[in-house]
Amino acid sequence: MPRLFTALEIPRNAAMSLSLLRGGLPGARWIDVENYHITLRFIGDVDGRTADEIVERLDRIDRPEFQLRLEGIGSFGSKKPHSIWAGVSPSPEMYALQGEIERICQRIGLPPDPRKFTPHVTLARLKYSRVDDVVHYLAGRGNFQTSTFTVPRFVLLSSRESVGGGPYLTEEVFPLHEPLTVPSLSTNVLQPLKSLA
């Protein structure tokens, strides 16, 4: 069984902006543009019955679309950097969606995710990059940001055993609904009645 995880997709325009960050760092293995994503919950290797149950429960999630923006870049592994990432602007809706997925996974019997949810897009894996090179690379690109985009769905992705970084396969798609808009009251309804005097 492939490894499963839930994720948000990166739209083409944002992915193109991210692709401009590729290069200029010795020892970096850059992730292919089509494999950019924001992991919501790593599920791992599960049997077919558990996978079906996860899909059934995720399908019941009823949440609105929301807006995101990618901003800033950094690295994981301070003394020995192992990856470069782009950050994600804080979004209460994204955190709420991730929290619901985490609760579903735990109810099914999966252990809690040991890592704190840190939304990001992995851009490169580092093998032999020197700390100085990483610092220099990040220093020149710190003000990175994309324009805001709408997140209309989340997906269940799978990855085969590989060196990391894809290729990923979309197993299931879970649409989010359009946010409900409250009709605005016309202003004259709220006007006080004029006195007849």
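Two strands pair if DSSP finds at least two bridges between them. The model discussed here is predicted.

Q: What makes S5 and S6 a pair of strands?
A: A pair needs at least two bridges. Five bridges join S5 to S6, so the two strands meet the definition of a pair. They run antiparallel. In S6, Ser83 is the bridge partner of Phe76.

Q: What makes S2 and S5 edge strands?
A: The open sheet has four strands in the order S2-S7-S6-S5, with antiparallel pairing. S2 (28–30) and S5 each pair on one side only, and they are therefore the edge strands. From one strand to the next, the twist averages 30 degrees.

Q: Which helix packs on the sheet, and which strands does the helix touch?
A: Helix H4 (residues 131–139) packs on the sheet and touches S2, S5, S6 and S7. The direction of H4 makes about 175 degrees with that of S5.

Q: Why are the buried residues of H1 said to line one face of the helix?
A: Buried means under 20% relative accessible area. In helix H1 (residues 12–19), Ala14, Ala15, Leu18 and Ser19 are buried. Seen down the axis of H1, these buried residues fall within an arc of 145 degrees, so they line one face. In an α-helix, residues three or four places apart point the same way, because there are 3.6 residues a turn. What covers the buried residues of H1 includes strands S5, S6, S7 and S8.

Q: Which element gives the most to the lining of the second largest pocket?
A: H1 gives the most, with three residues. The second largest pocket has a volume of about 220 Å³.

Terms used: Residues are numbered from 1 along each chain as its sequence is written. This is a predicted model: local features need pLDDT of at least 70, side-chain atom pairs count only at pLDDT 80 or more; totals for chains, interfaces and linings use all residues. Side-chain values use heavy atoms; hydrogens and water are left out. Buried means under 20% relative accessible area, exposed over 50%, partly exposed in between (1.4 Å probe, protein chains only). The arc is that of the directions from the helix axis to the C-beta atoms. Contact means heavy atoms within 4.5 Å. Axes are lines fitted to C-alpha atoms, for helices over the stretch in contact, and angles run from 0 to 180 degrees between N-to-C directions. On a 1 Å grid over the protein atoms alone, a cavity is a set of points where a 1.4 Å probe fits but cannot get out, and a pocket is an open set with protein on both sides within 12 Å along at least five of seven lines; lining residues have an atom within 4 Å of a point. Grid points are joined across faces, edges and corners, and a volume is the space filled by probe spheres set on the points.
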